[in-house]
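Student: I would like to learn how to read a model like this one, feature by feature. Can we start with how helices pack?

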There are 4 protein chains.
Amino acid sequence: MTESTQLPKPLRGIIPPMITPLCDRDTLDIPGLERLVEHILGGQVQGLFILGTTGEGPSLGYRLRCELIDRVCEQVASRVPVLVGITDTAFTESVNLAHHATDAGASAVVLSAPYYSPAAQPELMEYLANITAELPLPLFLYNMPSHTKVNFSLELLRGAMDLPGIVGLKDSSCNMIYFHRALRMIRRHRPEWSVLVGPEELLAEAVLLGADGGVNGGANLCPQLYVELFHAAAAHDVDRVIQLHEQVMELAENLYHVGQHGSAVIKGLKCALSCLGVCDDFMAEPFRRFRALDREKIQTALRRMDFIGQKPMVGPEAR
Amino acid sequence: MTESTQLPKPLRGIIPPMITPLCDRDTLDIPGLERLVEHILGGQVQGLFILGTTGEGPSLGYRLRCELIDRVCEQVASRVPVLVGITDTAFTESVNLAHHATDAGASAVVLSAPYYSPAAQPELMEYLANITAELPLPLFLYNMPSHTKVNFSLELLRGAMDLPGIVGLKDSSCNMIYFHRALRMIRRHRPEWSVLVGPEELLAEAVLLGADGGVNGGANLCPQLYVELFHAAAAHDVDRVIQLHEQVMELAENLYHVGQHGSAVIKGLKCALSCLGVCDDFMAEPFRRFRALDREKIQTALRRMDFIGQKPMVGPEAR
Amino acid sequence: MTESTQLPKPLRGIIPPMITPLCDRDTLDIPGLERLVEHILGGQVQGLFILGTTGEGPSLGYRLRCELIDRVCEQVASRVPVLVGITDTAFTESVNLAHHATDAGASAVVLSAPYYSPAAQPELMEYLANITAELPLPLFLYNMPSHTKVNFSLELLRGAMDLPGIVGLKDSSCNMIYFHRALRMIRRHRPEWSVLVGPEELLAEAVLLGADGGVNGGANLCPQLYVELFHAAAAHDVDRVIQLHEQVMELAENLYHVGQHGSAVIKGLKCALSCLGVCDDFMAEPFRRFRALDREKIQTALRRMDFIGQKPMVGPEAR
Amino acid sequence: MTESTQLPKPLRGIIPPMITPLCDRDTLDIPGLERLVEHILGGQVQGLFILGTTGEGPSLGYRLRCELIDRVCEQVASRVPVLVGITDTAFTESVNLAHHATDAGASAVVLSAPYYSPAAQPELMEYLANITAELPLPLFLYNMPSHTKVNFSLELLRGAMDLPGIVGLKDSSCNMIYFHRALRMIRRHRPEWSVLVGPEELLAEAVLLGADGGVNGGANLCPQLYVELFHAAAAHDVDRVIQLHEQVMELAENLYHVGQHGSAVIKGLKCALSCLGVCDDFMAEPFRRFRALDREKIQTALRRMDFIGQKPMVGPEAR
């Protein structure tokens, strides 16, 4: 067990949602995982989020989730806070994962709505009240309606501010009106909460207008791009923001639309990391890695994008 | 371990989706469970389906799910086939549950689409191909798009007909055009599949027009009503069907719309069973049992509905 | 001006939603229209509904809509009631159309929710109260949420029962649970209302379980099939119902899924009528008639389906 | 007939979507209309958009729409370009309105997807090709999927770039990822197009990251707030942008959430303009003005918000 890092309040900056390197559906790619963690931490990120949507958390068996928590916490060794996704349809499994994360030395847990039977807002409020009472670690709320079918409404957020242990909101709704409204409410009532945005295409505007940072999938690949964009936006350097936002959009355009389905983003990221030699691109069901044709497109895109970042996108160990 | 019952092909009749009697979120109400199983089997049903949506399957921890499988299989003791819901976001956990169900003596498993990251149809087809290769028991496909966000398209069903081990379709889409189209396709290509309808309000028409039966929540409460309706519809006795369909609608109107949210159906069922003394009505998060006011409405409705069935709704032990 | 037909209460049977024969986007195919009206009336239908969804009502200019109303009312000459769709986003245009329909001798109007800005249920209730006060003809409510984005909720229907002039409900929601619940409520409080189902795949079960009939697109093509199915279902002759329902499903399978988009049903119908020599298949924007390849598929399907009906599908004038 | 203003390419700045002052459902509030136009133009806006969603365009009869076009064009008298909404379900009515707008001296028309029968993307592309060939004025595409059920996909936009007469895109999807992707594509291929954002809560970020301006409902009330925000964002003055964005959010929070339904935004705007003495707040069906209680809330909010803008919110003529 590692001692957990002190969590800054608010946590600010880029906290990449790490993809999970796999050899097959129940086996971690351990050397790939080690390379990936170092690659990401090398980008000066301010935290690491595992077992989220990008990390295929819900697609992984519990044994493997626990192994991943252990390995990542050990390797990170308190260099940055580790946040662990515990979203589940079963209350008891979420709590079990939270305890495992505590023992492993994680700094916080991240929780979205239970995602099978859609709960109404009052039900969700009771759920949050019940589960915050059981959690041994600080909690980030994770608004992800495209996957959970349920929104954390502003009224629910207002109620959640009176619950103990919550330290922030990660919003992946892609709805910036919601985001601005939530941000204003949180700043007024819980200024110590961290307000983070999920989709990287929205990082620039979120931080320019006051957010604390982003949980952006592309930071698996080139963490320094998002870290730089965060700093430029926090410094109100709009010219630089536009330049970096353009690179973020270019990367997304090139890598996230090769696949035909909703899974295209994670598939593109994993494939790119595999092409760069960082880790295996095996995906747990219901998805699977790109076949040769799509992989070739990712390869071509990576060659075309050597403009991204002043530094090489990944260190020598990955070449 | 119990010897599993031979599964008729096709399985025809009423296979109630059993609610899960709980004392609290991780504890079965064991005496209630025993009464409930006997109560349901007393209605001459043709099978028992556990750990479905009505059974709050995805809201229960894995330890409890396994305990439930064991206890139900043991108590049923091959009087009827036991079907076990194994739908999960994690492939490995579905397979684990299926093996547990096999060891316990269940007759079949029931699987819907993984319900966190929505899979496209070709991805879902691969998922089915992969998982049918790993399953030790016959499989019912369970179409439940309101909860999984993903439909089993007709094209996917056509493809699934070439996979081994599938024995039927349970459709809870509430879309009778889909149902009729699926039924025609299955009758042509896989006449031995069982085609079952979920919502009890649709049982009459489904069976009149050729379906094999229903997986209807209300059969927890008064199984003989649905069994009679099934037989009347299978016998093309429209006058009797209309009479019983009217009772089914009356029961639904009275018990399933007391709550305000999507959870109203299961809450109403559990509350009614509790009022009748069959079992506890505790619900796992994200839901909770009705409070006093709603419980009183259910009580009143139950008194008003003593017309249902010629026999008492539940046996003497529940009064 | 023609004297309007007395409207039976309730109106029972098949009331085909007539497609609108066009030569181009603002010109009726007048000989085709005359043949089509006779072809449909030849099938012993109980009414004729023009300017509905199948009739491309909202896609047609107002001048043309008025011309169509005039011509159809004149030709039908009170042989059956003519129902006129007046759904519009603008209250005043709906009322204008209703007055035109009255002057032309129509028997009733059909109204769905205004379909641009989605109204909430209390707003919709006020809308209905306001417009029923202005309408000179009996009104059928038309529930069509896929196109209007707004459902006529059961609570709204209950309120609408106290408004003057409403004589029925046409439900095209494809949701048979809603349908059964609405039917029960209407039978109890407004037994003189006519309850009709839109999708022809649902005609059999709707009438078997008590509905008054159908407004089914396929009745443009072979009205007698739907009329026979209606009579068989009303007579509780399940064996005959299954036989005819099978033909309805076969027709839908063959003709309504040739196109790739939501427009496939109307395109298939218009193309089939054109292949059979009844009328032109021009479609108003945003749609357009099938090109040669899809037309060939419709031709082939029509040849394959000569089993439908004992009588030739269309009379000698159309060959 | 007025000579139309030359339309700048691209049109940049704030183009308020004017509400339509009404005395009743078919009568303009003419003095109110005159005050409103002057009030808005007094805010140094760069154009005026009538008959959009905020203008209740689709809820108004055609006679009234034409009267409004005439009166507004005459009063504006080429001080700024007038843009006229012509979105309709009937192709011919859209074209009729466009000709009327041309004759009245409007500068451009604005068109969304036909909004009754949802068209697929290839159908929508053909629709655009057909209608651009018939339009006598430059065209802005208006992406409004919440009301039309249909998105202008990026692929469709790419195709539309080869059609004649299109000069810009107004996006009200509330989806900033879509917005950034569309903006990049347009900048590359049609730099002369104007790219405008609808929701005012998104104006700051849209312009900071390169958009040409906004079509923001709140500019009916205090046009100078949005004009200032536009200029601050265009000048990359982030501190000032944050200050003004905060005022925009405050106004929205106070005025747009008094009503319970989707209509709350327009109702709030019209009510506020009525409270300030600018014009009547009658609304066409399916909506209706706020009743006394909600009006009182708007009054209170207006008193609380006297901080907005250095100048009085409306000039002396409105008091």
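Tutor: Two packed helices are described by an angle between their axes and by the distance between those axes. This is a predicted model. In chain C, helix α3 (residues 91-104) packs against helix α4 (residues 121-132) at about 35 degrees. Their axes are 11 Å apart.

Student: Is the crossing of α3(C) and α4(C) right-handed or left-handed?

Tutor: The crossing is right-handed.

Student: Which residues of α3(C) and α4(C) meet?

Tutor: From α3(C) come Phe91(C), Ser94(C) and Val95(C). From α4(C) come Tyr127(C), Asn130(C) and Ile131(C). By class, this contact has 4 nonpolar residues, 2 polar ones and no charged ones.

Student: At what angle do the axes of α3 and α4 of chain D cross?

Tutor: At roughly 35 degrees, and the axes come within 11 Å. In chain D, α3 covers residues 91-104 and α4 covers residues 121-132. α3(D) passes α4(D) in a right-handed crossing. Phe91(D), Ser94(D) and Val95(D) in α3(D) touch Tyr127(D), Asn130(D) and Ile131(D) in α4(D). The contact of α3(D) with α4(D) divides into 4 nonpolar, 2 polar and no charged residues.

Student: Now sheets. What is the strand order in the open sheet of chain B?

Tutor: Strands of a sheet pair through backbone hydrogen bonds, either parallel or antiparallel. In chain B, 8 strands run in the order β1-β10-β9-β8-β7-β6-β5-β4, with parallel pairing.

Student: Why is one side of β1 and of β4 of chain B left without a neighbour in the sheet?

Tutor: Because β1 (13-14) and β4 (48-50) of chain B stand at the edges, each with a single partner strand.

Student: How many bridges pair β9 with β10 in chain B?

Tutor: 2 bridges, in the parallel sense. β9(B) spans residues 194-197 and β10(B) spans residues 213-214. Leu196(B) has Gly213(B) in β10(B) as its bridge partner. A helix also packs on this sheet: α4 (residues 121-132) of chain B touches β6 (108-111), β7 (139-143) and β8 (166-171) of chain B. The direction of α4(B) makes about 160 degrees with that of β6(B).

Student: How many strands form the open sheet of chain C?

Tutor: There are 8, in the order β1-β10-β9-β8-β7-β6-β5-β4, and the pairing is parallel. Val109(C) stands opposite Leu139(C) in β7(C).

Student: Which strands of chain C does helix α7 lie across?

Tutor: Helix α7 (residues 176-189) of chain C lies across β7, β8 (166-171) and β9 (194-197). α7(C) runs at about 170 degrees to β9(C).

Student: Which chains have no contact with chain A or chain B?

Tutor: No contact joins chain A and chain C; their closest C-alpha atoms lie 18 Å apart. Chain B and chain D also have no contact, with closest C-alpha atoms 18 Å apart.

Student: Last, the backbone. Which peptide bond of chain A is cis?

Tutor: Most residues other than glycine have a negative phi, and most peptide bonds are trans. The bond joining Glu285(A) and Pro286(A) is cis, with omega about 15 degrees. Pro286(A) is in the loop between α11 and α12 (292-304) of chain A. In chain B, the bond from Lys9(B) to Pro10(B) is cis, with omega near -5 degrees. Pro10(B) lies in the segment before β1 of chain B.

Student: What is the phi of Glu56(A)?

Tutor: Positive, about 55 degrees, although Glu56(A) is not a glycine. Glu56(A) lies in the loop between β4 (48-50) and α2 (62-76) of chain A.

Conventions
Residues numbered from 1 in each chain as written. Chains lettered and ligands numbered in written order. Predicted model: local features only at pLDDT ≥ 70, side-chain atom pairs only at ≥ 80, totals over all residues. Heavy atoms only, no water. Axes fitted to C-alpha atoms, helices over the stretch in contact; angles between N-to-C directions. Helix = DSSP H or I, 4+ residues; strand = E, 2+ residues; numbered from the N terminus. Left-handed = near helix turned anticlockwise from the far one by under 90°. Contact = heavy atoms within 4.5 Å. Nonpolar A, V, L, I, M, F, W, Y, C, P; charged D, E, K, R; others polar. Pairing = 2+ DSSP bridges.
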